[in-house]
Amino acid sequence: MIGLRSISKNKKTINSISKSYYCTTSSSSVKLSVTRLIDGYRTHGHLAANIDPLARMERIRSQLLDLNRYNLIKGQSIPSTIDLIDQDLTNLDQVVNFLENAYCNDVTAQFDHIESIEEKAWLYKKFEQLQHQEPTKAEKINILKNLIKSEIFDQFMQKKFPTFKRYGLEGNESMMVSCDSIFRESAKNQLKNVVIGMPHRGRLNLLVQMCNYPAKDFFWKVKGNSEFSEGILGVGDVTSHIAVSTDLQFENNKESVHVSLIHNPSHLEAVDPVAAGKTRAKQFYEKNEGGSDSLCLMLHGDAAVAGQGVVTETLQLSQLSGFNVGGCVHVIVNNQIGFTTIPSNGRSNRYSSDIGKFIGAPIIVVNSQSPEQVEKVSKLAVEYRQKFKKDIIIDLIGWRKFGHNEVDEPSFTQPTMYQNIRKRQSIPQKYATQIIGEGIFSEQELSEFTQQEQRILEEQFQLATPENFKYSPMDHLQGKWSGLIQSKHIANDSKLDTGYSIEQLEQIANDSVKVPSDFQVHQRLIRSFSNARQEKLKQKQSDWATAESMAIGSLMKQGYNVRISGQDVGRGTFSQRHFNLTEQNSDRIYQPLNNMGGASGKLDVVNSNLSEFAVLCYEYGYSLESPMTLPIWEAQFGDFINGAQIAIDQFVVSGESKWLRQSGIVILLPHGFDGAGPEHSSCRIERFLQMSDTEAVNVNDDNLINQETNFYFINPSTPANYFHALRRQMMRNYRKPLIVAAPKVLLRHPNCFSNLNEMGPGTHFQPVLSDPDTVNDPTSIKRVIFCSGKVFYDLQEERKAKNINDVAIIRLEQITPFPYERIQEEINRYSNATKFAWVQEEQQNGGCWSFVEPRFKQRYPQTSQIKYIGRSPLAASATGISSNHKKEVTQLLVDAFNF
């Protein structure tokens, strides 16, 4: 017997539970006995359900379904059950039949884990009534057509492209029925949008046969051609990651819904929070964050939904105020296998869908061979979501006709399973036999419909030839993104004016600490935050947090929205930001920037849960919806970004190149070697720079080095540059991700202030900062240090303390794209210099060195022998021994001025 390893344990558990129930005696009322019987079916009926079309999952008759347990006898008369199951039944056999049909047939449910009595009562009533609902003739025909269209597509692909990995839907075509039902019910409920996140299984069927992706474009891509028309930059992606956006019409065009099937990577389930984030953004722009105007639909694989931690992270976001999208509908396309992994090796519980229990999500499990049941539960899922604004899960159990892909041989590892599968009639043909037998559809009509669909695909296939093919219009930079461009040259914004009225900046900074008269701020904050900010403003100076507030406040005044998310972002990890102020007597939150005058934009401050992966994916998804929002995600410490590495690799740094989807997301990663140890020092700058697609070999080719890059990485050392970097994100006519090695020590460093004039009109981001102490007397300089970040201040202090006058210190504020021209200007400035060094506080195998070294050595003759000064290579990012850290700092400063 191949099934769940937990089955044997399950029997023991059920027996134990059964014995713990109070057994009724002859003195017990019949009504109470029937009530307990009903409860038994509702809690344990699912174990006996006929939900596995392959009959591999063991069906268990719990003792809680045994009439003898309750001293009940078959056929006996009982009091009316109208108040128990909303059915006026007076015979026990009627009740048992009703419960068997509800919970032990081709569909079953688990609601007992839900805390809300109201929700459970509603669900029991609605679910148990499904057995009395009969689809109309038109609905049955529509079900059949969706099944047949899916089968025809898979067969057509198998015929035309027999070795192509299409991850077909054979064995679970009822997914198409479920999606169609959800779309129709969404339109009926006047939902404007459905955002879909899904993996590869069945994706192509949905893409072409339901969501209107042009079949000719699809076939063109399958033949090995680009999905992008000429003149568009991008590497593209495989077909199973393609997306589509379309309007679906129903009820003779009286009802419609916009469906967005978003791009996904092969990292299963990583797209889930992206879809949720995009849905939240749609709801924001619809001014309806309750979720009634946009629905998030997530499709999952059975192995992935149980095995991938990002699923749990995403579910945990579902009812958090900053992430709630009014409930997601989840459909698990359950093939009962993951690549070659059987359920007993893939999860520790009975159902893949059990993952939803911890958030109290209703779980409905349905046999994929019963497409009418699939239709009914899919409608119910939307109805539940609309009423309660919570997640609901449908577990659609079917099979997979081929291996993980169509060229794989599944019998190598699952021989008996595939002996069973290969004997089976397909779900579409089984259902066709059924409704032809019911006289609803004739064999001739089926034949005509089949031929028509085959003809449509063949015609589209013929258009996908070199002599006939023409690209359909590209769908990027449309809608809210109209007017933006795909940037192709980094010089376009090298001196983009991102300054703002100084008078207005002062007003914003003062407003950022202003609270109502009856709002009691903590005394320490009044002194160290509010008063300190205002004192510096009187001197026309800004620290880091003030510059951030001014950048965001000025964008809000220009009509842009700002969303900042992450752990503790309202206050800031280092208690520097305080976008949220808390009233000391009531815990009431006040956001000064959202209460300043003259701002049409909104600031959304979201303190997230302790998740990096899902939350960063969520914010990335949010950023895809509109260029009018500046999305910021901040890590508690930069070191923790490796918990979201999949989000960085698959979405942030490559999304535009693969999918033509721009994102202006800003990622703040507190970074700096200050003795905090291996997990609180480094955002792993080197890893980001390795992902930059800038030229590193032919660096003397100006055309190559000025080509647009995939993202920007900065390590700013002044509040003014940080101010400009944030504003530059929105002032451009395109969007790029921005990674910031954000400061820790510099937040309160006595020398880290900027004059407001550096942020006024006509100013801009400085990719390279000249040495303020030597810029006016460059002829005396013999040695030049290049560095980045806070180490500049350490070097500056050391130089002053040692009275060293022949060394200039140049800061690279932007690492990628590499600022070749500005570096050349600095090298030219110090024409008498003969020695050059790169100094960094990071270890040799970290930081910027491996990125800057080939560029310095190949581009500039003067720096062809540039020397590395910094820590030795380390296995960890930093030492955890404080005495060693101090020695390293001392040695670094000694070496820096002795080369």
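Mentor: A nonpolar core is a set of buried Ala, Val, Leu, Ile, Met, Phe, Trp, Tyr and Cys residues joined through side-chain atoms within 4.5 Å. Buried means under 20% relative accessible area, exposed means over 50%, and partly exposed lies in between (1.4 Å probe, protein chains only). This is a predicted model: local features need pLDDT of at least 70, side-chain atom pairs count only at pLDDT 80 or more, and totals for chains, interfaces and linings use all residues. Residues are numbered from 1 along each chain as its sequence is written, and side-chain values use heavy atoms, with hydrogens and water left out.

Now the core itself. The largest nonpolar core holds 108 residues. Its members that touch the most others are M175, F183, I196, L206, F218, F219 and L297. Helix α6 (residues 137-160) gives this core its largest share, nine residues. Helices (H or I, at least four residues) and strands (E, at least two) are DSSP runs, numbered from the N terminus. In soluble globular proteins, nonpolar side chains tend to be buried together.

Take F218. Contact means heavy atoms within 4.5 Å. Leaving aside neighbours within four places in sequence, F218 is in contact with F153, M157, L204, L207, V208, Y213 and T239. N212 is in the loop between α8 (203-209) and α9 (215-222). N212 is not a glycine, yet its phi is positive, about 65°. N212 is partly exposed, with a relative accessible area of 46%.

Q336 has a positive phi too, about 65°, and is not a glycine. Q336 lies in the loop between β6 (328-334) and α13 (343-346). Q336 is buried, with a relative accessible area of 9%.

Next, helix α22 (residues 645-652). Its buried residues are A647, I648, Q650, F651 and V652. Their cover includes α10 (271-285), α21 (613-623), α23 (655-659), β15 (666-670), α24 (685-690) and β17 (738-742). E619 sits in helix α21. With a relative accessible area of 0%, E619 is buried. Beyond four places in sequence, E619 is in contact with F323, R563, S565, P631, W633 and I665. S565 is 54 residues away from E619 along the chain, with the two C-alpha atoms separated by 7.6 Å.

Further along comes a cis peptide bond, from T816 to P817, with omega near 0°. P817 is in the loop between β22 (814-816) and α28 (820-829). Helix α28 holds I823. I823 is buried, with a relative accessible area of 0%. Apart from neighbours within four places in sequence, I823 is in contact with V768, F786, L812, F818, F856 and Y860. R811 lies 12 residues from I823 in sequence and 9.5 Å in space, C-alpha to C-alpha.

Step back to the whole protein. There are 30 helices and 24 strands. Of the 899 residues, 60% are buried. Among contacts with a separation of 6 or more, 81% join residues 24 or more positions apart. The C-alpha trace spans about 105 × 75 × 50 Å along its principal axes. The radius of gyration is taken over C-alpha atoms, and the globule rule is 2.2 Å times the number of residues to the power 0.38. A compact globule of 899 residues would have a radius of gyration near 29 Å, and the protein has 32 Å, which agrees.

Last, the surface and the charges. Accessible areas come from the Shrake-Rupley method with a 1.4 Å probe; for residues, only the protein chains shown count as cover. The protein exposes about 34900 Å², of which carbon and sulfur atoms supply 47%. Lys and Arg count as positive and Asp and Glu as negative, while His and the chain ends are not counted. A charge is placed at NZ of Lys, CZ of Arg, CG of Asp or CD of Glu. The mean positions of the 98 positive and 100 negative charges are 2 Å apart.
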